[in-house]
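Please read this briefing alongside the coordinates.

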Amino acid sequence: MRRSPLLWAAAIAVYAFLYIPLLVVVIFSFNDSKLNAEWVGFTFDWYRKLAANQEMRAAAINSLFIALVAAGLATVLGTMAGIAMHRYKSKLLPILALTPVAMPEILLGVSLLIFFISVLGEESLSLLTVIIAHTTFCIGFVAIIVRARLSGMDESIFEAARDLGATPWQTFRLVTLPLIMPGVVAGALMAFTLSIDDFVITFFTAGAGVPTLPLTIYTMIKVAVTPEVNALSTLFMLLTLTLIVLAGRLAPDALRGKG
Amino acid sequence: MTAPTETRTRAGRLTRLFVSGPPVIFLVVFFLVPALIMVVASFRFPGEFGALAPMFGAAPGVETGFTVENYGFFFGDSIYAQIFIKSFGVAGLTTLICLVMAYPVALLIARSPKRYRDMMVLLVILPFASNFLVRVYAWMIILGPLDLLFSRFAVIVGMVYVHLPFMILPLYTNLEKHDPALLDAAQDLGANAWQRFWRVTFPLSLPGIFSGSALVFIPVLGMFAIPEILGGKDDWLVGNLIKESFLGTRDWPFGSMLSLMLTIAVLAIAMMASWLAQRGVARA
């Protein structure tokens with residue numbers, strides 16, 4: 001174990017770099033001042049203002065609804081894709097599922113914008129288009145997690161089920177699905193987190209009528225920075241934190257950058 | 001003997017179709033087709049009110065058909081090439097800073113006792129739990145009072161902050177696999193600490209460096225929000241140019257051409273990174 005003091009110092013500095021900005025946001029969310037400049041006193045006012053804000057509530061409901069439906073769709077399609085990639089060694093599916101994950105988000109955003117407007121019409125941008133867009137980029141993440149889960153498994157279990165006369169559906173429902181369930185759930189949580197967090201792709205596919213939480217934060221940052229943003233950010237942090245910890249519990253391997 | 005096998009393979013084929021069909025169809029319709037439409041759009045004209053000229057039944061006076069005009073604009077004015085080069089510069093600098101910052105963290109985690117490693121990795125991932133915009137906004141609060149906001153410096157800080165974990169994780173995954181015996185051997189042969197790092201650890205970590213670099217470089221190249229929020233007025237990168245073409249000037253064919261150029265750049269980088277990573281593995 002070679003861990004010199006210099007290495008420790010450098011690593012701690014980087015950890016501080018990762019955490020200090022977020023701490024600043026959290027601290028200022030309790031600051032009794034309109035300016036994010038100096039500490040004046042403790043208050044819950046910004047949270048109270050946030051709770052009373054109707055637009056914010058609408059945005060939160062949109063975000064939750066989109067994330068639930070998109071994560072549901074992506075989990076079903078992504079699990080199928082993961083199984084297909086593992087079992088049939090298909091060449092096409094990995095390209096289709098993983099390219100949207102690897103490309104800069106703006107490319108998927110603008111190509112879907114052109115697609116929706118030119119195929120479905122000028123007024124087509126809506127909740128539905130956002131859900132479709134989110135599902136498209138979440139499938140790849142679910143597929144990676146499910147495939148990773150499957151690749152650690154003994155193939156003979158599935159052969160045994162088949163030899164004992166199970167139909168493909170029975171094999172799937174009684175053997176495969178229970179075994180990959182932790183991966184499926186982790187994938188679903190991952191998809192939910194990615195969807196509720198997404199800004200860029202939503203930005204291009206939502207049109208004017210569908211504010212989501214990230215879109216609202218974006219508008220607030222661009223128009224006028226008030227400590228309300230701090231409060232919203234802090235709550236948002238808590239939400240995604242919970243989801244990530246939950247996903248980590250269910251599938252420890254999924255979060256270790258195995259993509 | 002033949003009959004059961006045949007039904008089995010037929011059932012197998014049906015199962016395969018049933019399992020692969022839905023995701024393939026969904027992704028072809030909502031990923032591949034939109035991508036192809038974008039390629040076609042880059043060779044067409046904008047419509048009457050911007051966007052894209054319709055294939056059929058366009059209003060009189062609106063040009064339809066195919067053109068290489070958009071590519072002509074791109075290569076005819078050096079401003080676009082300059083923005084691409086600037087974006088490559090920002091992405092390169094961000095990648096380099098990420099690498100320098102990520103290395104000590106990844107190395108420390110890899111050399112820590114096993115029972116602490118997961119916790120230390122989790123500590124790298126947790127800031128990710130906050131929304132991308134929140135992480136950018138945090139730097140507005142910090143850099144604002146220091147008079148450093150709305151500058152190229154602020155853009156680089158934001159880019160590094162948002163992408164740093166993408167460098168740490170692959171690097172750690174690589175460093176974790178190194179055999180400590182190699183360092184002992186180097187030490188026995190008289191190598192000092194610097195030599196052990198530079199001639200043993202670093203070359204072995206090249207595959208991790210290349211995959212981490214691709215994971216940082218590629219998203220930075222297409223980023224528009226960070227320059228917009230933290231950057232100076234009109235200090236645009238490719239992402240801003242693309243966003244403006246689609247939502248500002250609404251010249252979709254031009255925006256599609258730019259997106260295609262960005263795609264080509266990204267593919268070239270991804271191929272280079274995977275080639276370098278494989279070569280690194282082969283040499284190691």
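In this predicted model, α6(A) bends by about 30 degrees at Cys138(A).

**The bend residue and the nonpolar core**

- Leaving aside residues up to four places away in sequence, Cys138(A) touches Ala70(A), Ala71(A), Ala74(A), Gly78(A), Ala191(A), Leu194(A) and Ser195(A).
- The largest nonpolar core has 160 residues, and Cys138(A) is among those with the most contacts inside it, together with Val142(A) and Ala191(A) from chain A and Ala102(B), Ala106(B), Val136(B) and Ile168(B) from chain B.
- The largest share of this core is supplied by α3(A), which gives 15 residues.

**Chain A as a whole**

- Chain A has eleven helices and zero strands, and its C-alpha atoms fill a box of roughly 70 × 60 × 30 Å along the principal axes.
- Of the 259 residues in chain A, 47% are buried.
- Among the contacts of chain A with a separation of 6 or more, 79% join residues 24 or more positions apart.

**The contact between the chains**

- Chain A puts 67 residues into the contact, and chain B puts in 73 residues.
- On the side of chain A that touches chain B, at least two residues each come from α1 (5-28), α3 (54-88), α4 (92-102), α5 (105-120), α6 (127-151), α8 (168-197), α10 (213-223) and α11 (227-250) of chain A.
- The most is given by α1(A), which supplies 13 residues to the side of chain A that touches chain B.
- By residue class, that side of chain A comprises 53 nonpolar, nine polar and five charged residues.

**Confidence in chain A**

- The mean pLDDT of chain A is 85, and 95% of the residues score at least 70.
- Among the elements of chain A, the lowest mean pLDDT (80) belongs to α11(A), whereas the highest (94) belongs to helix α9 (residues 200-205).
- Over residues 255-259 of chain A the pLDDT stays under 50, and for this stretch the model has ten contacts beyond four places in sequence.

**Individual loop residues**

- Leu35(A) is located in the loop between α1 and α2 (45-52) of chain A, and it counts as partly exposed because it has 14 C-beta neighbours inside 10 Å.
- Although Leu35(A) and Val225(A) are 190 residues apart in sequence, their C-alpha atoms are 8.6 Å apart in space.
- Most residues other than glycine have a negative phi.
- Asp147(B), which is not a glycine, has a positive phi of about 65 degrees; this residue lies in the loop between α5 (132-143) and α6 (152-175) of chain B, and it counts as exposed because it has 8 C-beta neighbours inside 10 Å.
- Arg250(B), likewise not a glycine, has a positive phi of about 55 degrees; its place is the loop between α11 (238-248) and α12 (252-283) of chain B, and with 16 C-beta neighbours inside 10 Å Arg250(B) counts as partly exposed.

Definitions and conventions. Residues numbered from 1 in each chain as written. Chains lettered and ligands numbered in written order. Predicted model: local features only at pLDDT ≥ 70, side-chain atom pairs only at ≥ 80, totals over all residues. Contact = placed C-beta atoms within 7 Å. Helix = DSSP H or I, 4+ residues; strand = E, 2+ residues; numbered from the N terminus. Nonpolar A, V, L, I, M, F, W, Y, C, P; charged D, E, K, R; others polar. Buried ≥ 20, exposed ≤ 12 C-beta atoms within 10 Å, placed from the backbone. pLDDT = per-residue confidence, 0-100. Core = buried A, V, L, I, M, F, W, Y, C linked by C-beta atoms within 7 Å. Bend = angle between axes of the 7 residues up to and from the residue.
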